[in-house]
Amino acid sequence: MSSDGLAVLSALDTARTQWYHVTAIVIAGMGFFTDAYDLFCISTVSKLLGRLYYYDPSKDGPGKLPPGINNLVIGVALVGTLSGQLVFGWLGDKLGRKKVYGITLILMVFCALCSGMSFGFSPKSVMGTLCFFRFWLGFGIGGDYPLSATIMSEYANKKTRGAFIAAVFAMQGVGIVFAGLVSMIISKLFLNSYKGPRFDDDAILSTEPEADYVWRIVLMMGALPAMLTYYWRMKMPETGRYTALIEGNAKQAAVDMGKVLDIEIQAEQDKLSQFKAANEYKLFSDEFFRRHGRHLIGTMSTWFLLDVAFYSQNLTQKDIFPTMHLTHKPKEVSALREMFETSRAMFAVALLGTFPGYWFTVFFIEKIGRFRIQLVGFFLMSVFMAIIGVKYDYLKNEDHKLMFATLYGLTFFFANFGPNSTTFVLPAELFPTRIRSTCHALSAAAGKAGAIVSAFGVQYYTLDGNVKKIKKAMYLLAFTNMLGFFCTFLVTETKGRSLEEISGEDGGKDREVETQMAANRAPEAQPPSSNYPEAAWD
């Protein structure tokens with residue numbers, strides 16, 4: 001039975017792009033805007049936290065977060081994200097996408113607000129409070145990954161599905177841009193009113209007391225976009241695929257999707273048993289690994305390797321900016337001035353390098369395909385990082401800062417017009433409806449494990465600005481990306497096919513196996529190519 005055998009699935013696959021699709025992209029995308037803002041704004045305030053709470057008069061220089069505390073402040077949200085992805089991904093398959101979609105948003109709003117508060121005044125109590133609430137903030141953020149991807153993939157038609165899922169993920173780029181922009185604006189406003197002297201001129205007054213409000217405001221602003229989308233998330237109906245294939249209610253699915261698509265759809269309750277009969281196997285069963293094992297290994301390994309490099313780029317850029325001469329050295333500026341310059345540099349790199357890459361993927365993913373974009377992206381990231389590593393001594397010279405910034409920006413561009421987008425899209429397409437959210441969660445959690453490696457491992461090489469250590473980090477990341485290039489061959493192209501055909505829910509994979517077995521027994525009796533599921537969609 002093909003996926004167009006059930007009217008509601010056929011209607012979703014062939015529906016023209018309409019206003020509801022745009023609304024779904026914005027509603028799901030705002031979650032990713034919030035996710036990116038909350039995860040990356042910590043990079044703009046971490047140096048400020050060091051100056052405020054860890055200044056040591058016996059040392060020659062402004063206060064810095066100790067390496068362990070720095071890694072914990074930045075990395076704890078990633079640990080929470082990994083946990084949230086696994087929990088909410090599993091719940092999304094067990095309870096339904098919509099039922100748990102609002103919970104993630106409530107958690108994000110509450111914990112973003114609490115991140116700006118602290119119990120006590122000592123460094124230990126402030127950092128302890130911050131880490132506690134950022135863990136649970138990450139937990140809510142983690143839930144958004146599998147749920148948003150799954151919801152968008154199940155609403156979209158097969159011709160524009162990749163572009164729609166990529167557009168949801170592209171809001172991450174907007175969030176990264178706004179993380180730099182908001183930090184830059186708030187620090188500049190305070191700087192205009194409470195400007196302190198350079199550290200070299202006055203070590204104490206160079207850390208403006210009012211700066212303690214700045215980092216709190218920046219972190220708490222992350223709650224605003226999540227608040228604005230809560231109402232609209234709650235109004236979204238459950239996806240037609242979940243209602244029909246998992247809950248077994250074809251009538252309700254036809255009613256819900258009929259309203260959404262503004263057409264009349266037949267319920268066809270009697271055909272559901274055929275779908276269910278072909279998909280009774282459990283997650284991690286022999287049948288699952290026979291059908292989807294290679295793809296799951298592929299999506300998990302590529303996302304893990306990508307995030308080692310991607311989060312290393314984003315989380316360590318504050319340490320590389322001075323070397324690129326985009327910011328002054330810490331001794332030459334006050335605390336607020338350092339935050340302003342770091343935020344400005346982060347904003348410029350995100351706007352010119354990070355942001356365009358996401359939208360190139362949106363516009364070209366249905367033309368070039370997921371597989372090629374991911375393959376080329378991994379390869380070019382590896383090339384540019386290797387060049388930076390080999391030529392680092394040459395590039396760090398002030399006369400070559402433009403070339404350094406260009407190469408650094410290109411690694412961001414091809415990360416996003418490459419594996420950072422496609423590793424999000426592919427797990428939402430390759431697996432069957434019953435376990436789609438869980439498999440996406442497993443893939444995303446593998447990615448966050450890579451991000452944790454970058455936060456607690458790779459950052460060690462960049463914190464003190466040591467040239468040899470930074471070069472080693474670049475070599476390591478170049479090698480990581482090349483591994484991602486080879487692991488990409490474990491996944492397959494999904495462009496232009498229905499979700500049921502890709503995952504084999506329509507029985508297509510079983511027919512393929514049976515046909516191949518028949519061909520092996522009697523070569524002369526091979527059926528014509530039109531009998532193959534792939535040919536039916538040409």
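Visitor: Which helix supplies the largest share of the nonpolar patch?

Guide: First the idea. Patches are made of residues with over 30% relative accessible area and no salt bridge; like charges are joined within 9 Å, and nonpolar side chains (Val, Leu, Ile, Met, Phe, Trp, Tyr) within 5 Å. A salt bridge is a side-chain nitrogen of Lys or Arg within 4 Å of a carboxyl oxygen of Asp or Glu. Helices (H or I, at least four residues) and strands (E, at least two) are DSSP runs, numbered from the N terminus. Here α9 gives the largest share of the nonpolar patch, 3 residues. Both α8 (211-220) and α9 (223-235) supply at least two residues each.

Visitor: Which residues form the patch, and what is their accessible area together?

Guide: Accessible areas come from the Shrake-Rupley method with a 1.4 Å probe; for residues, only the protein chains shown count as cover. The patch on the surface consists of Tyr-213, Ile-217, Met-221, Leu-224, Met-227 and Leu-228, with about 590 Å² together. Keep the source in mind: this is a predicted model, where local features need pLDDT of at least 70, side-chain atom pairs count only at pLDDT 80 or more, and totals for chains, interfaces and linings use all residues. Residues are numbered from 1 along each chain as its sequence is written, and side-chain values use heavy atoms, with hydrogens and water left out.

Visitor: Is Ile-217 buried, partly exposed or exposed?

Guide: Buried means under 20% relative accessible area, exposed over 50%, and partly exposed in between (1.4 Å probe, protein chains only). Ile-217 sits in helix α8. Its relative accessibility is 32%, so Ile-217 counts as partly exposed.

Visitor: How does the whole protein chain read?

Guide: It has 23 helices and 0 strands. Of its 538 residues, 60% are buried. The chain exposes about 21000 Å², and carbon and sulfur atoms supply 65% of that.

Visitor: Which residues have the most contacts inside the largest nonpolar core?

Guide: A nonpolar core is a set of buried Ala, Val, Leu, Ile, Met, Phe, Trp, Tyr and Cys residues joined through side-chain atoms within 4.5 Å. The largest one has 142 residues, and Leu-49, Tyr-145 and Trp-215 have the most contacts inside it. Helix α7 (residues 161-193) gives the most to this core, 18 residues.

Visitor: What does Trp-215 touch?

Guide: Contact means heavy atoms within 4.5 Å. Leave out residues up to four places away in sequence, and Trp-215 touches Val-45, Leu-48, Leu-49, Leu-52, Tyr-53, Ser-115, Val-126 and Leu-130. Now the chain as a whole: among contacts between residues at least 6 apart in sequence, 84% join residues at least 24 apart.

Visitor: Where does Leu-430 lie?

Guide: Leu-430 is in helix α19 (residues 427-430). It counts as buried, because its relative accessibility is 0%. Leu-430 and His-292 are 138 residues apart in sequence, yet 8.0 Å apart in space, C-alpha to C-alpha. Beyond neighbours within four places in sequence, the contacts of Leu-430 include His-292, His-295, Thr-299 and Val-491.

Visitor: How do I check the length of helix α2?

Guide: The expected span of a helix is 1.5 Å times one less than its number of residues. Helix α2 (residues 19-40) has 22 residues and should span 32 Å; its end C-alpha atoms are 31 Å apart, which agrees. Of the 22 residues of α2, 17 are buried, so the helix is largely enclosed by the rest of the structure.

Visitor: How many salt bridges does the rule give?

Guide: The count comes to 20 salt bridges. One of them pairs Glu-154 with Arg-97, with the closest N and O atoms 2.6 Å apart. Glu-154 lies in helix α6 (residues 123-155) and Arg-97 in helix α5 (residues 97-115), so the pair ties together parts 57 residues apart in sequence. Both residues, Glu-154 and Arg-97, are buried.

Visitor: What separates Glu-287 and Arg-291?

Guide: Their side chains meet in a salt bridge (2.8 Å, N to O). Glu-287 and Arg-291 are 4 residues apart in helix α13 (residues 286-320), which means about one helical turn. Glu-287 is partly exposed at 26% relative accessibility, whereas Arg-291 is buried at 11%. As for networks, salt bridges that share partners join Asp-93, Arg-97, Glu-154 and Arg-436 into one.
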